[in-house]
Structures are given as structure tokens and as C-alpha cells.
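Work through the exercises below with the sequence and the 3D view at hand. Try each task before reading its solution.

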Amino acid sequence: MNVQNIIESGLLELYCLGVVSEQEKDLIEQFASEHPVIKDEIASIENSLNKYVEGNIKPAPHIKQNIFDSIYAEEAKENGLPFILSPDSKINDWFEYLKCNQIEKPEGNDALYMTEFSKTNNIVTYIAWGKPGAFVEEEHCDELERLFMLQGSCKIDFDGV
């Protein structure tokens with residue numbers, strides 16, 4: 001196989017897409033190291049593929065935010081940052097975090113005390129302390145709200161139910 005055969009075969013395109021066999025990969029990489037024209041052709045194909053992706057693949061808007069939220073959650077775990085409440089939240093993790101960071105119910109006579117704890121662009125985590133009978137009315141038209149009760153109980157009405 002010569003340089004022209006490799007360029008015309010479509011193998012370089014498959015190589016750039018990552019769908020060649022190990023043997024084909026080794027062959028292409030050997031040719032690329034020996035022939036600058038092959039190396040340039042690979043760079044051109046990769047550039048074209050990147051332009052195609054950028055121009056034609058538009059993920060749903062929430063995908064980007066979900067990626068950033070996942071990154072934050074991992075960094076929070078690794079660096080001791082405040083948690084983001086998630087379906088995977090575990091009560092013992094929260095109690096341990098609050099204890100280690102000496103986070104306690106503030107002094108005062110407020111029936112309900114809430115403080116923002118951590119947030120990303122589309123998730124806000126609050127910590128709330130309430131006295132029996134405390135009442136708060138909220139309305140969220142376009143937000144997902146998660147509640148995670150560490151201790152005690154509460155009543156939640158949703159659309160009058």
C-alpha cells in the first residue's frame with residue numbers, strides 16, 4: 001500500500017472516527033510518521049469533522065447545564081465543597097458534612113429559617129430549620145424542587161393536594 005492508496009481508501013476517515021482495527025491504526029500511524037502528506041491529510045479530516053459537528057449537532061440546552069452540575073458535584077465531593085442535593089444524596093453524608101463544618105440551627109425565634117447552601121445555574125440547595133407549625137408558601141413555575149428531610153417531618157401541599 002502506498003500513500004495515494006491510503007488517502008483514497010477512506011481508511012484515514014475511519015481512523016479519525018476511531019473505527020479502525022488495531023492493525024489498521026498501526027499502519028496509518030506508521031505512514032503518518034514517515035509521510036507528512038498523510039499527517040496533513042489526517043489533520044484536514046479532523047478539522048472537517050470538527051466543523052461538521054460544531055455546525056450540525058446542537059444538544060438540548062439542559063445538556064450543557066447537566067454536565068456543569070455533574071462536574072460541580074464531583075468537585076464538591078473531592079474538595080469538601082457544599083453538596084448539591086441529588087437523588088443520590090445520603091442522610092449520613094449530610095449529617096457528617098454539617099457536623100464537620102459546624103453548621104447548626106441559628107439562634108433566634110424565627111419559625112422557619114432557610115439559608116442558601118450551594119447552587120449551580122439550575123439547582124439551588126437550601127438548608128432549612130423549622131419549628132412545629134411553621135408555614136411557608138412558595139411558588140415555582142419552571143423549577144425542579146427536591147426536598148430531603150434529615151430530621152422531623154413536614155406537610156407539603158402541591159396544587160391544593
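**Exercise 1.** Does Glu29 count as buried, partly exposed or exposed, and why?

*Solution.* Start with the scale: buried means under 20% relative accessible area, exposed over 50%, and partly exposed in between (1.4 Å probe, protein chains only). Glu29 has 33% relative accessibility, so Glu29 counts as partly exposed.

A note on the model before going on. This is a predicted model, in which local features need pLDDT of at least 70 and side-chain atom pairs count only at pLDDT 80 or more, while totals for chains, interfaces and linings use all residues. Residues are numbered from 1 along each chain as its sequence is written, and side-chain values use heavy atoms, with hydrogens and water left out.

**Exercise 2.** Describe the fold and the confidence of the model.

*Solution.* Step one is the secondary structure, where helices (H or I, at least four residues) and strands (E, at least two) are DSSP runs, numbered from the N terminus. The protein has six helices and two strands, in the order α-α-α-α-α-α-β-β along the sequence.

Step two is confidence, given by pLDDT (the predictor's confidence in each residue, from 0 to 100). The mean pLDDT of the protein is 79, and 80% of its residues reach 70 or more. Confidence is highest in helix α3 (residues 22–34), at a mean of 93, and lowest in helix α5 (residues 61–79), at 68.

Step three is burial: of the 161 residues in the protein, 18% are buried.

**Exercise 3.** Find the salt bridges and state how they are connected.

*Solution.* Side chains of opposite charge can pair when their charged atoms come close. The cut-off for a salt bridge is a side-chain nitrogen of Lys or Arg within 4 Å of a carboxyl oxygen of Asp or Glu. The whole structure contains two salt bridges.

- Lys25 pairs with Glu22, with 3.9 Å between the closest N and O atoms. Both residues lie in helix α3, three residues apart, about one turn of the helix.
- Lys25 also forms a salt bridge with Glu29, at 4.0 Å from N to O. These two are four residues apart in helix α3, again about one turn.

Shared partners join Glu22, Lys25 and Glu29 into one network. As for exposure, Glu22 is exposed because its relative accessible area is 52%, whereas Lys25, at 30%, is partly exposed.

**Exercise 4.** Which class does the aromatic pair of Tyr113 and Trp129 belong to, and why?

*Solution.* Rings of Phe, Tyr and Trp (its six-membered ring) pair if their centres lie within 6.5 Å; planes under 30 degrees apart count as stacked, over 60 as edge-to-face and the rest as tilted. The structure holds one such pair. The ring centres of Tyr113 and Trp129 are 6.0 Å apart and the planes stand at 40 degrees, so the pair is tilted. The pair links distant parts of the chain, with Tyr113 in strand β1 and Trp129 in strand β2, 16 residues apart. Trp129 is buried, at 17% relative accessible area, while Tyr113 is partly exposed, at 32%.

**Exercise 5.** Which residues form the nonpolar patch on the surface?

*Solution.* Patch residues have over 30% relative accessible area and no salt bridge; like charges are joined within 9 Å, nonpolar side chains (Val, Leu, Ile, Met, Phe, Trp, Tyr) within 5 Å. Areas come from the Shrake-Rupley method with a 1.4 Å probe; for residues, only the protein chains shown count as cover. The patch consists of Leu112, Met114, Val124, Tyr126 and Val136, with about 400 Å² of accessible area together. Strands β1 (112–119) and β2 (124–130) each give two or more residues to the patch. Val136 lies in the segment after β2 and is partly exposed, at 39%.
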